Amino acid sequence: MSDETVGKVYLVGSGPGDPDLLTVKAKRLLESADVVLHDKLPGPEILGLIPEAKREDVGKRAGGEWTPQEYTNARLVELAHEGKTVVRLKGGDPTVFGRGGEEMVHLAENEIPFEVVPGITSAIAGPEVAGIPVTHRDHVSSVSFVTGHEDPTKAESAVDWQALADTGGTIVVLMGVGKLPDYTAALREAGMDPETPVALVERATWPDQRVATGTLETIVDVRDEEGIEPPAITVIGAVAGERAKVVEFLEGS
């Protein structure tokens, strides 16, 4: 097949969910694309901007199953070979726990032209819209972003909770609501102070955003009492205590 007949794929970050936080380029591509492959993370308001006829949901399927990444990869190539302009729409930024790296390699291996369109990552935006800066010169000079999907007790875990505790910096956990008891326990066992402030930000920038705060010792009970559910971001460290100082005057939180 000649290059002239091959379409192009855009790996696009949609930001944390507020349509006003879409980049100008992301919005333009959503309007001009032939097909948009998406999951649920971009949020209902952003998905509502896309005509239903050109949306393909590659997130959850019937029965609660998830679309395999292999299917999404193959579909991107298939659509490009049909000459389509394709947007692979992701929540946050395409390469921050968004599998953008995997999709880039797959497209390159199949000789499909592609472009990456950065988005505002929820790892930073989520905390800050709740009044929590991920860095603060009075408290920390580093921040670590971690996936919460892993089991911190498994021997082959790629996340070194001991090393994270030793940094003394902010720890931001994405997709970590379910395993909150595991990694908060792991951090306490690694020597982190049980009184360390922790915040949970659910559906950051969405109309139904919620924030719950506690400590490394209490946050699991707070999660259960408040009914915090995914998608949510966990912020661990002294900066999580900053919210209490500003929340009275913080709009939208």
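Entry 1. I began with the lining of the largest pocket: it divides into 18 nonpolar, 16 polar and 9 charged residues. I note that the model is a predicted one. Next I looked up the volume. The largest pocket comes to about 1,300 Å³. Which residues are closest to its centre? I found Asp-39, Leu-41, Trp-66, His-149 and Met-175, out of 43 residues that line the pocket. Then I checked which elements give two or more residues to the lining. They are helix H2 (44-47), helix H3, strand S4 (85-90) and strand S10 (232-236).

**Entry 2. Thr-67.** I went on to a single residue. Thr-67 sits in the loop between strand S3 (55-57) and helix H3 (69-81). Is Thr-67 buried or exposed? Its relative accessible area is 10%, and the cut-off for buried is under 20%, so I put Thr-67 down as buried. I then followed its side chain. The side chain reaches the backbone oxygen of Gly-59 at 2.9 Å. The backbone oxygen of Val-58 is also reached, at 3.4 Å.

**Entry 3. Thr-215.** I turned to another threonine. Thr-215 belongs to strand S9, which covers residues 210-215. I read a relative accessible area of 15% for Thr-215; that is under 20%, so this residue is buried too. Where does its side chain reach? I traced it to the backbone oxygen of Pro-194, at 3.4 Å. I also listed its contacts, leaving aside neighbours within four places in sequence. Thr-215 is in contact with Pro-194, Glu-195, Thr-196, Pro-197 and Val-198.

**Entry 4. The core.** In soluble globular proteins, nonpolar side chains tend to be buried together. I looked for such a group here. The largest nonpolar core has 24 residues. Those with the most contacts inside it are Trp-161, Ile-171, Leu-187, Met-192, Ile-219 and Ile-236. Which elements give two or more residues to this core? I wrote down helices H6 (161-167), H7 (180-189) and H8 (219-226), with strands S7 (170-174), S8 (197-202) and S10. Helix H7 gives the most, with 4 residues.

**Entry 5. Ile-236.** Ile-236 is in contact with Gly-169, Thr-170, Ile-171, Val-173, Tyr-183, Leu-187, Met-192, Thr-196, Pro-197, Val-198 and Leu-216. Thr-196, Pro-197 and Val-198 are also in my list for Thr-215.

Note on methods
Residues are numbered from 1 along each chain as its sequence is written. This is a predicted model: local features need pLDDT of at least 70, side-chain atom pairs count only at pLDDT 80 or more; totals for chains, interfaces and linings use all residues. Side-chain values use heavy atoms; hydrogens and water are left out. Buried means under 20% relative accessible area, exposed over 50%, partly exposed in between (1.4 Å probe, protein chains only). A polar contact is a pair of N or O atoms within 3.5 Å; within protein, one must be able to donate a hydrogen and the other to accept it, and residues adjacent in sequence count only if both atoms are side-chain atoms. On a 1 Å grid over the protein atoms alone, a cavity is a set of points where a 1.4 Å probe fits but cannot get out, and a pocket is an open set with protein on both sides within 12 Å along at least five of seven lines; lining residues have an atom within 4 Å of a point. Grid points are joined across faces, edges and corners, and a volume is the space filled by probe spheres set on the points. Ala, Val, Leu, Ile, Met, Phe, Trp, Tyr, Cys and Pro count as nonpolar, Asp, Glu, Lys and Arg as charged, and the others, Gly among them, as polar. Contact means heavy atoms within 4.5 Å. A nonpolar core is a set of buried Ala, Val, Leu, Ile, Met, Phe, Trp, Tyr and Cys residues joined through side-chain atoms within 4.5 Å.
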